[in-house]
Amino acid sequence: MSVSASRHAAALSLALAVASAHAEAIPDTVVVTAARTPQRADEVIPDTVVVTREEIARAGTGSVADVLRRQRGIEIVRNGGAGASTTVSLRGANGNQVVALIDGVRIGSATLGYASWHAIPLSAIDHIEIVYGPLSTLYGADAIGGVVQIFTKRGEGQPQFSASAGGGTYGTNQYDASVHGATGGEHGVSYALSGTREESDGFSSTRPGASTYNRDDDGYTRNSVNGRVALRLAEGHEIGAQFLKSRLSAQYDNGSSGFDAHNIAEVDSYAVFLNDRITPGWRSSVQAARAEDKLGSFTSLLPSGMAQLNTRQDEFTWQNTFDLNGDTLQLLAGHRKESVLSSNIAALGQTRITNSVAAAYNLRRGSHLLDVSARNDHSEYGSKTTGAAGYGYEFTKDLRATASIGTSFRAPTFNELYYPNYGYVANKPERGRNLEAGVQYRVAGVDLKADYYRNRLTDMIVSVTPCPSRTGSCAYNVDHALLEGLTLAADTRIGNLDFRASADLQDPRDETTGKQLGRRARRHANVGADYRFGQVDAGAELQASGRRFDDAANANRLGGYGLLNLYTTWHMTRDWSLLVRVDNAAGKDYELARNYGTAGRTWFAAIRYGIH
């Protein structure tokens with residue numbers, strides 16, 4: 001990896017700087033996404049982060065992407081404010097090499113290949129799990145860089161009601177309310193329902209120099225509702241349904257046109273499920289789900305200025321989990337149908353069906369941890385088989401080392417296959433092969449973590465000129481890329497003070513051209529601290545990123561930046577609290593994409609009732 005030893009040492013020093021002899025133990029956490037079944041965090045081999053409900057609550061307003069970019073190994077690109085089109089990158093991977101799930105339901109656009117992150121409401125989320133590295137053996141196509149799973153709120157215990165109202169910079173206002181609980185008893189019912197509305201006048205999505213620049217403000221309105229209900233049929237048997245429906249209307253710049261150009265993006269997710277404990281050692285889970293990603297673009301009142309592009313994914317999954325004397329065996333069968341409907345590009349109106357079978361085995365023997373898995377996905381490309389194996393060894397209760405290898409693939413998007421004068425129907429899936437090693441060490445009360453990865457990608461699909469089959473340009477399997485890096489992280493608790501830090505030293509490069517992959521920095525870091533005194537919580541976050549390039553040719557440079565965020569919550573009573581947050585407190589001027597605007601110093605304040 002072409003990162004100097006001095007930079008490695010500097011990042012490691014950052015992690016070690018938080019050491020303290022008086023830190024307290026961090027409570028155990030349960031993770032689901034890493035193995036598709038609940039695991040204790042200290043038994044998970046892949047690098048995993050859990051974004052808690054408390055951290056999401058501290059975010060105030062904004063977007064899911066704003067929360068994700070504060071985690072290690074994650075970068076985002078956004079074409080304007082919180083309502084603008086957004087992509088999320090894990091470990092330097094493209095946005096279409098990351099799988100997004102909501103409560104186990106896969107979401108995203110089949111034409112673009114990534115989720116509409118900007119349309120997902122923060123207030124609906126209970127917590128988020130991020131698993132880094134290839135997970136195609138568990139989740140199929142596109143899980144090259146990792147998987148992000150969003151878990152919405154669920155019902156338990158006595159009925160509880162919560163609500164909040166707030167406002168801030170750029171005329172931002174947010175209102176949300178939720179209720180959740182459970183009835184108990186032999187045939188108990190658990191339920192959760194929430195809704196939110198967020199609106200903002202925004203700021204200009206582009207800067208002078210952009211061909212579409214218009215100095216007017218570009219605001220957005222986001223409305224959403226989500227819910228879950230489950231009925232206990234008998235001991236160990238549960239049936240239920242869940243849904244999320246979100247609609248975002250966001251303005252954008254379209255040059256000097258007097259028409260209010262805007263997009264309407266919708267993310268809808270529906271599922272019914274049946275969970276059964278057939279025997280004490282056999283659990284069966286069946287889920288039928290539908291996810292829709294809808295995008296309407298409006299640049300005039302004429303028919304030529306209106307376009308609608310919809311993706312529908314129908315998925316059926318049957319998962320069986322067997323407890324074999326402490327080991328776990330999983331057998332999975334799945335069926336997914338992707339359909340696209342376009343109002344003005346008939347060639348994109350296609351359907352793709354993928355049938356999958358997978359098996360995974362998790363072994364625990366004293367200090368030894370072993371995970372092996374394999375999967376076959378059969379579609380119009382024929383059979384695609386992926387495999388993975390991970391091993392962990394606990395030297396002591398404070399020291400653990402892991403190593404893993406895994407293969408993955410990304411299916412071509414419908415744009416890369418069928419878009420007129422661009423798509424190429426003979427394109428093959430991209431392929432990935434990842435090697436990884438990590439160590440976790442607890443010393444003087446500080447949890448330290450280091451992960452090295454080397455993910456080699458082949459048959460990368462890029463735009464080439466001339467196209468092999470015709471004149472002009474097209475999407476074509478031609479490139480090779482290497483995603484290589486080192487992630488360092490540390491966290492500790494000293495009395496009422498929580499401190500965390502992470503640094504990513506990476507080298508995402510196109511091996512065919514020798515260039516750095518666009519819009520990805522070779523260095524980025526996060527530092528945060530939270531302190532509680534009496535009824536007040538206060539904290540600060542620092543996000544830093546090195547320089548990047550806006551294009552594959554590395555001709556247009558984007559400068560590095562550092563952002564300081566401050567926040568505090570006053571718990572006035574047991575049920576009432578007041579949140580105040582200031583983002584980009586130093587007023588840093590920076591870009592995530594060339595000639596697209598970003599927010600300056602902003603503030604947001606909200607009064608809340610109930611648990612958030």
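Predicted model: local features only at pLDDT ≥ 70, side-chain atom pairs only at ≥ 80, totals over all residues.
Figure 1. Residues are numbered from 1 along each chain as its sequence is written, and side-chain values use heavy atoms, with hydrogens and water left out. You'll find Asp550 in the loop between strand S30 (548-549) and strand S31 (557-558); strands here are DSSP runs of E with at least two residues, helices are runs of H or I with at least four, and both are numbered from the N terminus. The side chain of Asp550 makes a polar contact of 2.8 Å with the side chain of Arg519. A polar contact, for the record, is a pair of N or O atoms within 3.5 Å; within protein, one must be able to donate a hydrogen and the other to accept it, and residues adjacent in sequence count only if both atoms are side-chain atoms. Setting aside neighbours within four places in sequence, Asp550 is in contact (heavy atoms within 4.5 Å) with Arg519, Asn556, Leu558, Ala593 and Arg594.

**Figure 2. Arg106 and what surrounds it.** Arg106 sits in strand S7 (residues 105-107) and is buried, with a relative accessible area of 7%. Its side chain has two partners to look for here. One is Asp142: a polar contact of 2.6 Å joins the side chains of Arg106 and Asp142. The other is Tyr139, whose backbone oxygen is reached by the Arg106 side chain at 3.1 Å. Not counting residues up to four places away in sequence, Arg106 touches Val99, Ala100, Leu101, Tyr139, Ala141, Asp142, Ala291, Gln313, Glu315 and Arg336. As for Gln149, 43 residues from Arg106 along the chain, the C-alpha atoms of the two are separated by 8.9 Å.

**Figure 3. Tyr381, a partly exposed loop residue.** Tyr381 lies in the loop between strand S20 (368-379) and strand S21 (382-396), and with a relative accessible area of 27% it is partly exposed. Its side chain makes a polar contact with the side chain of Arg352, at 2.7 Å. Arg352 also turns up among the residues that Tyr381 touches, together with Ala411, Pro412, Leu417, Asn427 and Pro429, again not counting residues up to four places away in sequence. For a sense of scale, Tyr381 and Glu75 are 306 residues apart in sequence and 31 Å apart in space, C-alpha to C-alpha.

**Figure 4. Phe161 and Tyr609, an aromatic pair.** Rings of Phe, Tyr and Trp (its six-membered ring) pair if their centres lie within 6.5 Å; planes under 30 degrees apart count as stacked, over 60 as edge-to-face and the rest as tilted. By this rule the count comes to nine aromatic pairs. Phe161 and Tyr609 form a tilted one, at 6.4 Å centre to centre with 40° between the planes. The pair links distant parts of the chain: Phe161 is in strand S10 (residues 160-168) and Tyr609 in strand S34 (residues 602-609), 448 residues apart. Phe161 is partly exposed at 47% relative accessible area, and Tyr609 is partly exposed at 28%.

**Figure 5. Strand S29 and its two antiparallel partners.** Strands pair if DSSP finds at least two bridges between them. Strand S28 (residues 523-533) and strand S29 (residues 536-545) run antiparallel and are joined by 10 bridges. S28 and S29 form a hairpin with two residues between them, and Gly534 in the turn has a positive phi of about 65°. S29 is also joined by 10 bridges to strand S32 (residues 561-571), again antiparallel.

Methods. Buried < 20%, exposed > 50% of the residue type's maximum accessible area, 1.4 Å probe, protein only.
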